[in-house]
Amino acid sequence: MTGPIPKTNFNPPFNITRASHLIFTVRDLAKSREFYTEVMGLIVSDEDASTLWLRGVEERAHHSLTLKKTTGRPECERVGFRVFTEEDLAKAKAHFDKIGVKSEFVEVPHQDRTLHFNDPAGTPVELVATMKTVPRMHTRIDKHRGAGALRMDHYQVLVPDVLANAKFYMDLGFRISDYIYVEAAQRVVGTFLHRKDNPWDIVFLTRSGPRFHHGGYVVEAFEDIVRACDVAGNLGFGDRIEHGPGRHGHQHSYYLYVRDPDGHRTELLLPGIQIIDIDDEPVMCPVKPNANSNLWGLPAPKSWVEEATNFSGVEIKQTQDGTPMTAERYLAEKTKEAVAT
Ligand SMILES: [Fe+2]
């Protein structure tokens, strides 16, 4: 252990390279198509009557987001990582067999061999080395819409025990860029884990879970975030803008959080800082209870703190979340102060 957090295994049993794709179920494919193409600016790689495959304008991978039509509750089916080679998939299977984690190879459209497993919190995960490739569209400005999202960057999952889950991923070579620490309770409540050279691939926050909190796409410039807000407003998605634009107190980028038509939360962000060097060690981000931890602007609203997408067929374990500050509570307290003076 390094202080209150586990240590990274720098010789992992197989090579995960990055967070790469997500699978959601949605009730109205046409409405979701409008949101993801016109507001987020994703490109449609393929579609049929029940499924939509989307990618960022920079991505050569066929899809970073798969939307499947459902008549039931909208859910997150699975989060995806890339491994480097086919051999890494075989090594992953052998590793999971050895440590007693159930895993199985499955067929997934437009993807090569794909391995399914669940992490210790129950998060359904898939690993893939290769999928169909398609042309990058980053210089086809004539095709860009909305934010013109470049590429999937990371996702955030709510879990009851962030350190237990972080340890599982750190044994697989993930590093912690930052962790959120409540000094008064001497408790780590958030871990930001990465394999690629920026601070995030998968983020865990302490809440009842596992539940999917958000997936982040990188944009080229802050203006792209503003354009997404403008397009959202004009297309009737204005009230789906949940939090931001703003800048996190402990993190490295500007953000905007928007809920899609089914409530799945997406983030647009500027590229994160670079983290590669071995001596670039985990940074503790202390938080005080009942404080606004953003650098500027309001804390996240209650919906951002409490609401998330369920994973398909996964039981949720309850925990105390430490009641982080919300915009509603922050404003109520400010109003009380103003009335008192
Ligand atoms: Fe994020």
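Histidine 110 counts as partly exposed in this predicted model, because its relative accessibility is 22%, and partly exposed here covers the range between the buried cut-off of under 20% and the exposed cut-off of over 50%. If you follow the chain, you will find histidine 110 in the loop between strand S6 (103–106) and strand S7 (114–118), and its phi is near 65°, a positive value in a residue other than glycine.

Glutamine 186 also has a positive phi, near 50°, and its place is in the loop between strand S10 (175–182) and strand S11 (187–194). Glutamine 186 counts as exposed, because its relative accessibility is 63%.

As background for the backbone geometry, most residues other than glycine have a negative phi, and most peptide bonds are trans. With that in mind, let me turn to two peptide bonds. The bond joining glycine 209 and proline 210 is cis, with omega about 15°, and proline 210 lies in the loop between strand S12 (202–206) and strand S13 (211–218). The bond from glycine 244 to proline 245 is likewise cis, with omega near 5°, but proline 245 has its place in strand S14, residues 241–247.

Finally, the surface charge. Where do Asp277, Asp279, Asp280 and Glu281 gather? They form a patch of negative charge on the surface. Taking one of these residues, aspartate 279 sits in the loop between strand S16 (265–269) and strand S17 (283–287), and aspartate 279 counts as exposed because its relative accessible area is 62%, where exposed requires over 50%.

Terms used: Residues numbered from 1 in each chain as written. Predicted model: local features only at pLDDT ≥ 70, side-chain atom pairs only at ≥ 80, totals over all residues. Heavy atoms only, no water. Patch = residues over 30% accessible without salt bridge, like charges linked within 9 Å, V, L, I, M, F, W, Y side chains within 5 Å. Areas by Shrake-Rupley, 256 points an atom, 1.4 Å probe, with all protein chains shown as cover. Salt bridge = Lys/Arg side-chain N within 4 Å of Asp/Glu carboxyl O. Lys, Arg positive; Asp, Glu negative; His and termini not counted. Charge placed at Lys NZ, Arg CZ, Asp CG, Glu CD. Helix = DSSP H or I, 4+ residues; strand = E, 2+ residues; numbered from the N terminus. Buried < 20%, exposed > 50% of the residue type's maximum accessible area, 1.4 Å probe, protein only.
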